Amino acid sequence: MNATMNEAGINRIGRMIEATPSSDAVRLAQYNMLNEMPGVIFGAISVAYIVSSLIALVH
């Protein structure tokens, strides 16, 4: 089994990656989603803390 890759194969991979550009809208959506993730995680942890604290007060 031959495990080496020739130059033509490497060049073809590079062209395939460059052939799929993402639009500005997709990049903006990805950025906004990543930008909001810390807030979502903090909010989920805060809600879980508040709920667990209220449950602990009841018992």
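This passage describes the fold, surface and side-chain contacts of a predicted model. Residues are numbered from 1 along each chain as its sequence is written, and side-chain values use heavy atoms, with hydrogens and water left out. Because the model is predicted, local features need pLDDT of at least 70 and side-chain atom pairs count only at pLDDT 80 or more, whereas totals for chains, interfaces and linings use all residues.

The chain contains two helices and zero strands; helices (H or I, at least four residues) and strands (E, at least two) are DSSP runs, numbered from the N terminus. Helix 2 comprises 35 residues and spans 51 Å from its first C-alpha to its last, close to the 51 Å expected at 1.5 Å a residue, the expected span being 1.5 Å times one less than the number of residues. A kink of about 35° is found in helix 2 at M37, shortly before the proline P38; the bend at a residue is the angle between axes fitted to the seven residues ending there and the seven starting there.

Of the 59 residues in the chain, 2% are buried (buried means under 20% relative accessible area, exposed over 50%, partly exposed in between, with a 1.4 Å probe and protein chains only). The accessible surface amounts to about 5,600 Å², and carbon and sulfur atoms contribute 69% of this area (Shrake-Rupley method, 1.4 Å probe; for residues, only the protein chains shown count as cover).

A nonpolar surface patch is formed by M33, L34, M37, I41 and I45, with about 520 Å² of accessible area together. Such patches join nonpolar side chains (Val, Leu, Ile, Met, Phe, Trp, Tyr) within 5 Å, and like charges within 9 Å, from residues with over 30% relative accessible area and no salt bridge. L34 lies in helix 2 and, at 58% relative accessibility, counts as exposed.

One salt bridge is counted, defined as a side-chain nitrogen of Lys or Arg within 4 Å of a carboxyl oxygen of Asp or Glu. The side chains of D24 and R27 form this contact at 3.0 Å, N to O. D24 and R27 are separated by about one helical turn, because they stand three residues apart in helix 2 (residues 24-58). D24 is exposed at 57% relative accessibility, while R27 is partly exposed at 44%.
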